[in-house]
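Q: I have a structure open here and want to go through its packing. Can you take a look?
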Amino acid sequence: MKSLPLSLLVGSGLTLIFIIMAGLSFVWTPYDVTALNIDQKFLDPSLLHLLGTDHFGRDVLSMIMVGTRNAIAVSIIAVGIGMIIGVPLGLWVAGSRMNGGSFFDEILMRGNDLIFAFPSLLMAIMITAVFGPGVINAIIAIGIFNIPVFARMTRGAAMGLWSREYIMAARVCGKGMWRISYEHILPNILNLLIVQATIQFSIAIIAEASLSYVGLGTQPPMPSLGRMLNEAQTMIFFAPWLAYFPGGAIVTMVLGLNLMGDGIRDVLDPKLRQRKGQDVVA
Amino acid sequence: MSLLNIQGLLLSIHGSEILSNVAIGVEEGQIVAIVGESGSGKSMTASAVMQLVPNGAEMSGNVWFMDDNLLDKTEAEMCDVRKNHIGMVFQEPMTALNPVQTIGKQVIEAVRLADKSLSKDQAREKAELMLHKVGLEQTRFPLNTYPHKLSGGQRQRVVIAIALSQNPRLLIADEPTTALDVTTQSQIMKLLKKLVKQENMGLLLISHDLAVVAEVADHIVIMRNGKVIEQGNTDIFFNEMSDDYSKELFAASKLTFKDKKSEKSSDIILDIKNLKKDYKLSGSKKLRAVDNVSFRLKKGENIGLVGESGCGKSTLVRCILGVEAYKSGEILLNGEVFDGQKELRKHINAVFQDPFGSFNPRHMVKRVVAEPFYLIDTPLSSTEQLSKVEEMLNHVGLNADDMDKYSHEFSGGQRQRIAIARALITEPSVIVLDEATSALDVLIREQILELLENLSENLGISYLFISHDLTTVRNITDRVLVMKDGIIVEQGPTNEIYNNPQHPYTNTLLEASPDITKALNDKRNELDDNFV
């Protein structure tokens with residue numbers, strides 16, 4: 001048994017910490033995150049308040065826990081939207097292209113290019129600005145710019161597979177495009193999709209934080225890592241921990257997810273796997 | 001003193017032994033051919049000479065090259081040797097050239113690497129000379145030609161020109177013609193032979209096919225499992241060889257004709273009438289890939305369809321298999337018009353070329369072989385399916401235990417057997433064999449052909465055997481169609497085509513086919529000519 005890559009161990013360790021924190025926040029936080037307590041404001045980190053308190057006297061650790069939960073929830077749903085719509089689209093255009101018609105392929109991929117042409121965050125800001133700020137709209141906005149990412153990747157990988165001889169054999173057996181996509185293509189690109197999903201997940205976390213930072217994401221009184229950063233900005237000279245901790249939480253979470261994605265790719269992708277002796281004999 | 005002298009070379013990778021006690025010598029002006037099946041260590045021997053071995057490899061022994069032991073050299077010194085003294089030609093000409101640089105730029109680069117004192121114009125001139133030497137004339141192939149405009153054979157010539165421009169003392173050619181058509185193959189072999197004599201360099205030629213190298217090689221080395229089984233001068237080697245494996249290889253390379261007597265019924269299974277297929281090119285231009293092809297396949301009859309790559313045979317196959325629409329004409333399968341409908345598909349199936357790409361790597365053999373059951377209208381229960389799969393695996397010489405394995409656990413020949421089992425399982429009337437044996441080693445190829453022959457006799461299946469090599473299909477087919485540029489230029493009973501080809505193209509194909517008896521005769525005549 002080969003040892004797992006270090007990046008996977010560190011990455012999934014970091015990710016697990018945040019998942020546990022987020023999970024714990026459902027049932028218990030050190031303090032109530034919505035309760036204001038003005039006489040306790042701007043407390044330094046201490047045993048009573050591990051990460052200190054903010055200008056309303058709210059406990060920073062509790063806010064980070066709930067904020068992490070929100071960020072993870074938003075990202076899971078947004079990446080899910082991207083995958084559920086993007087992957088079948090990609091399979092469909094790859095399949096129809098290989099079966100002759102490239103009309104939909106053209107339209108869809110140019111549509112993809114159109115979405116890609118807008119920087120994803122600007123696009124999310126645009127959507128939330130038009131439809132109003134809020135968690136749901138943030139999820140939709142982040143989800144929409146995940147669709148072309150998955151559609152394009154699926155299409156590319158699927159097109160490579162469509163020229164394989166086992167696909168040809170399946171076609172000779174009369175299997176249709178969707179059946180081949182489901183039986184032969186999807187299982188063979190699943191590892192790519194998993195890796196891409198972890199990467200997109202980390203991007204979604206940043207996107208959620210950014211949207212909240214400009215006030216278009218999670219709305220008060222629900223805490224959010226992005227808005228905590230925004231509020232800390234004005235107080236950075238006398239209460240720097242208010243910026244350090246949420247900022248650090250975002251950085252560590254994204255780092256953990258990226259490392260985990262890299263690690264998963266190393267494990268799943270046979271091309272990057274260290275070859276054993278007998279494989280290289282020519 | 002030999003140019004290259006390998007003595008007692010041992011190579012192991014992560015502890016597993018790859019080469020043991022290999023001893024090979026190459027003289028100036030001599031062509032030494034290493035022949036062996038895949039996994040025999042022949043390519044690794046070449047890599048060991050170049051010191052381009054994979055990570056974790058350990059070597060011992062001596063590799064004397066021009067009085068230096070290459071194993072003692074540092075990487076920097078080896079770079080110098082590779083740059084100035086040893087040239088290399090690889091198997092795949094399609095990827096050996098940089099597609100975004102002109103052939104001139106790539107040859108000039110090699111020329112200037114070898115001799116830095118050359119001015120730009122001198123390097124240009126030398127590059128032109130090199131391309132001239134390999135038969136690419138400036139009038140047709142100017143220096144600013146891009147690789148994609150060249151055919152596989154022409155690209156291989158450019159690769160050889162690049163190798164030559166370093167003025168190497170030793171050229172290593174690793175399966176230089178395996179990816180090429182037979183006609184191109186014989187041209188490249190002749191070119192290599194000419195260059196070796198002209199430049200007085202040594203050539204280490206690596207091949208899996210004895211017949212291909214027999215004509216050009218002066219010395220033959222047979223390798224298997226990392227060991228040199230036998231070696232000797234080509235002129236006497238075949239008379240004096242004693243090892244069974246060498247004899248088997250020799251026998252497999254020989255062209256033998258079996259007389260076939262098979263009674264054919266008059267039922268026509270596959271009837272192709274005036275089939276045409278166009279591909280759209282840029283603008284309003286069209287390429288007619290298949291032009292007015294008509295032929296009939298009777299029950300129990302086997303037909304060979306032979307032609308070079310690009311002749312339209314693959315397109316024809318795709319039309320026949322119903323995965324590509326054709327422009328006009330008709331395909332009748334058991335008397336019914338077939339254009340891909342599911343009900344008729346169970347009568348036709350296919351085995352493809354690449355034994356490694358033919359199976360979904362994530363499916364077990366039982367699922368792979370059972371795939372065509374999708375075509376059966378009344379679904380079988382899973383136990384019935386399994387027993388049928390088992391029966392088919394037995395037919396092709398595999399065991400029932402093999403059902404629960406994945407395809408990567410099998411060798412190339414075994415995989416091709418699995419592919420045949422898959423094609424057989426719906427008991428079709430026709431199986432299309434699309435270059436089904438060209439990716440296999442010579443001995444394995446013989447076994448698979450034998451298996452196919454037995455199956456056809458026992459089960460009464462007809463084959464449409466597609467190949468680029470006329471001789472491969474000689475024993476398994478009753479009739480042969482020769483295809484060129486989308487047109488069938490000649491067709492007739494196999495023996496007649498072989499003995500009395502009418503079309504000049506058929507003749508070219510036949511002459512180019514590697515045949516060891518012919519090769520040895522040619523060589524003998526050449527020697528006689530030299531004496532006169």
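Q: Start with α8(A). Which helices do its buried residues pack against?
A: The buried residues of α8(A) pack against α2, α7 (177-213) and α9 (241-268) of chain A. Contact here requires C-beta atoms, placed from the backbone, within 7 Å. Helices (H or I, at least four residues) are DSSP runs, numbered from the N terminus.

Q: And which residues of α8 are buried?
A: In helix α8 (residues 225-233) of chain A they are L225(A), G226(A), R227(A), M228(A), L229(A) and A232(A). Buried means that 20 or more other C-beta atoms lie within 10 Å of the residue's own.

Q: What's the model's origin, and how is it numbered?
A: This is a predicted model: local features need pLDDT of at least 70, side-chain atom pairs count only at pLDDT 80 or more, and totals for chains, interfaces and linings use all residues. Residues are numbered from 1 along each chain as its sequence is written, and chains are lettered from A and ligands numbered from 1 in the order in which they are written.

Q: How many helices and strands in chain A?
A: Chain A has 9 helices and 0 strands.

Q: What share of chain A is buried?
A: 45% of its 282 residues.

Q: Back to α2(A). At what angle do α2 and α3 pack?
A: Helix α2 (residues 60-98) and helix α3 (residues 103-117) of chain A pack at about 145°, with axes 8 Å apart. Axes are lines fitted to C-alpha atoms over the stretch in contact, and angles run from 0 to 180 degrees between N-to-C directions.

Q: Which residues make that contact?
A: L89(A), V93(A), S96(A) and R97(A) from α2(A), with F104(A), D105(A), L108(A) and M109(A) from α3(A).

Methods. Helices (H or I, at least four residues) and strands (E, at least two) are DSSP runs, numbered from the N terminus. A residue is buried if 20 or more other C-beta atoms lie within 10 Å of its own, exposed if 12 or fewer, and partly exposed in between; C-beta atoms are placed from the backbone. Two residues are in contact if their C-beta atoms, placed from the backbone, lie within 7 Å.
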